[in-house]
Amino acid sequence: MLFKDLNLIEPILRSLETEGYTTPTPIQEKAIPIALSGKDLLGAAQTGTGKTAAFAIPILQQLHKAKQVGKQYKSIKALILTPTRELAIQIDDSIAAYGRHLDIKHLVIYGGVAPNPQITALRTGIDILVATPGRLLDFMEQGFINLAFVKIFVLDEADRMLDMGFIYDVKAIVAKLPEHRQTLFFSATMPNEI
């Protein structure tokens, strides 16, 4: 199977070709069609198997198609929650690469840096937000972020979130999401708590 066999739009296929991707990994082959259909998904695959593309590509395609039919608004439409700033930056870089030919705005937020540039970027309107739990909750409490219009929620590295003690933060964030949304959980392992 090739990426072109997964019903992906031409701008994304062009970006994947630029990245040197032609053949999806097993997690991508299985997850992308399900995610594109709007269904919830629980995906388990080891680190380094392409989980980021398995959720980032469908998100980009769904948001692009929504824009084409006139569903334009400045609120956050997709939230990707991840445990570390390094992983958050890596995911945002992947979104930039796969969506380079699309008009999709994305932002990564994490702690340990000055908040003002992130707040300024949020005010311009973001389609996809990649965040670590602490900074996201902080911005939510200060009124800078509203999750009421999120259509797609991704919890990446769910097992690491649990190991790092973020389970209560994740529950607090999920409580602020709309009830009707697509939820994608990705993890290297699947403990019962997840």
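**View 1. The largest nonpolar core of the predicted model.** This core comprises 38 residues, and those with the most contacts inside it are F55, I57, I59, I80, I128 and F186. Two or more residues each are given to the core by the helices α1 (10-19), α2 (26-36), α3 (51-68) and α4 (85-98), and by the strands β2 (78-81), β4 (128-131), β5 (152-155) and β6 (182-187). The largest share, eight residues, is supplied by α3. In soluble globular proteins, nonpolar side chains tend to be buried together.

**View 2. Surroundings of I80.** Beyond its neighbours within four places in sequence, I80 is in contact with F55, I59, I91, I95, I128, L129, V130, A131 and V154. A second, separate core of 25 residues includes A131, together with L137, V170 and L177.

**View 3. Helix α4 and its cover.** The 14 residues of α4 reach 20 Å from the first C-alpha to the last, close to the 20 Å expected at 1.5 Å a residue. Buried in this helix are L87, A88, I91, D92, S94, I95, A97 and Y98. Their cover includes α1, α3, β2, β3 (106-109), β4 and α7 (158-163).

**View 4. Strand β5 and its pairing with β2 and β6.** I152 and V154 point one way from β5, F153 and L155 point the other way, and all are buried. In a regular strand the side chains alternate between the two faces of the sheet. Four bridges join β5 to β2 in parallel, with V154 as the bridge partner of I80. Four bridges also join β5 to β6, again in parallel; here F185 is the bridge partner of L155.

Terms used: Residues are numbered from 1 along each chain as its sequence is written. This is a predicted model: local features need pLDDT of at least 70, side-chain atom pairs count only at pLDDT 80 or more; totals for chains, interfaces and linings use all residues. Side-chain values use heavy atoms; hydrogens and water are left out. A nonpolar core is a set of buried Ala, Val, Leu, Ile, Met, Phe, Trp, Tyr and Cys residues joined through side-chain atoms within 4.5 Å. Buried means under 20% relative accessible area, exposed over 50%, partly exposed in between (1.4 Å probe, protein chains only). Contact means heavy atoms within 4.5 Å. The expected span of a helix is 1.5 Å times one less than its number of residues. Two strands pair if DSSP finds at least two bridges between them.
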